[in-house]
Amino acid sequence: MAVAVSIASASSLYGQNMYISSNLLDYLNLGTINAEFGLSPAPKWTIYLRARYNPFTFNFGKQIQNRVAGAGAGARYWFWYSNSGWFIDSGITLSRYNTGGIIDRYAYEGDAAGAGIGAGYALMLGKRWNLNIGLGVQGGYTSYIKYGCPKCGKVEGRFEKFYVAPYNVMVQLLRLL
């Protein structure tokens, strides 16, 4: 927080160089709360920090959950100016997750770390509002415990593996500060 305040008060920065945003698609992921803070250190670059959190468990005849606590950091290169037009994106993510009952009857609890690349487009909705759309791919490593079901707690095994998954799948509402 102190770093964000220091950056925000720097005399070389001005309002349109910073933004806050939220990925609307994350809310469709069983209510995952998320936020991103970014700033533009140069005319064609932005850097960002993001966080995701989902504490919810649901019962729709069976228990389902996609609980996650995650954080990430990255950079975007803009082909025109920061926060306008096409961009390419890269970043790293760390997360702790507990998911189950969605795709199969098992539950998975573990940690993941990865790095990804992607691309997207920022549609300017107004002077201070953007809608960013993006998609990418991420590779990483996960260590997890597999359970027999979301409720039972019966351990089926402990696993470690490398993975490839979607990255920065976003329809992001962005407010320039």
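A hairpin of two residues joins β2 to β3, and these strands, residues 33-42 and residues 45-54 respectively, pair in the antiparallel sense over eight bridges, where pairing requires that DSSP finds at least two bridges between two strands. Within this pair, A35 has A51 of β3 as its bridge partner. Strand β3 is also joined by ten bridges to strand β5, residues 63-78, and these two run antiparallel; in that pairing W45 stands opposite Y77 of β5. In a regular strand the side chains alternate between the two faces of the sheet.

The model is a predicted one, in which local features need pLDDT of at least 70 and side-chain atom pairs count only at pLDDT 80 or more, while totals for chains, interfaces and linings use all residues. Residues are numbered from 1 along each chain as its sequence is written, and side-chain values use heavy atoms, with hydrogens and water left out.

Taken as a whole, the protein contains two helices and nine strands, which are DSSP runs numbered from the N terminus, helices being H or I of at least four residues and strands E of at least two. Their order along the sequence is α-β-α-β-β-β-β-β-β-β-β. The C-alpha atoms fill a box of roughly 55 × 30 × 30 Å along the principal axes. Among contacts (heavy atoms within 4.5 Å) with a separation of 6 or more, 57% are between residues 24 or more positions apart.

L177 is partly exposed, with a relative accessible area of 38%, on a scale where buried means under 20%, exposed over 50% and partly exposed in between, using a 1.4 Å probe and protein chains only. By that criterion, 40% of the 177 residues count as buried. The protein exposes about 10,100 Å², of which carbon and sulfur atoms supply 67%, the areas coming from the Shrake-Rupley method with a 1.4 Å probe.

A search of the whole structure for disulfides, meaning pairs of cysteine sulfur atoms within 2.5 Å, finds zero.
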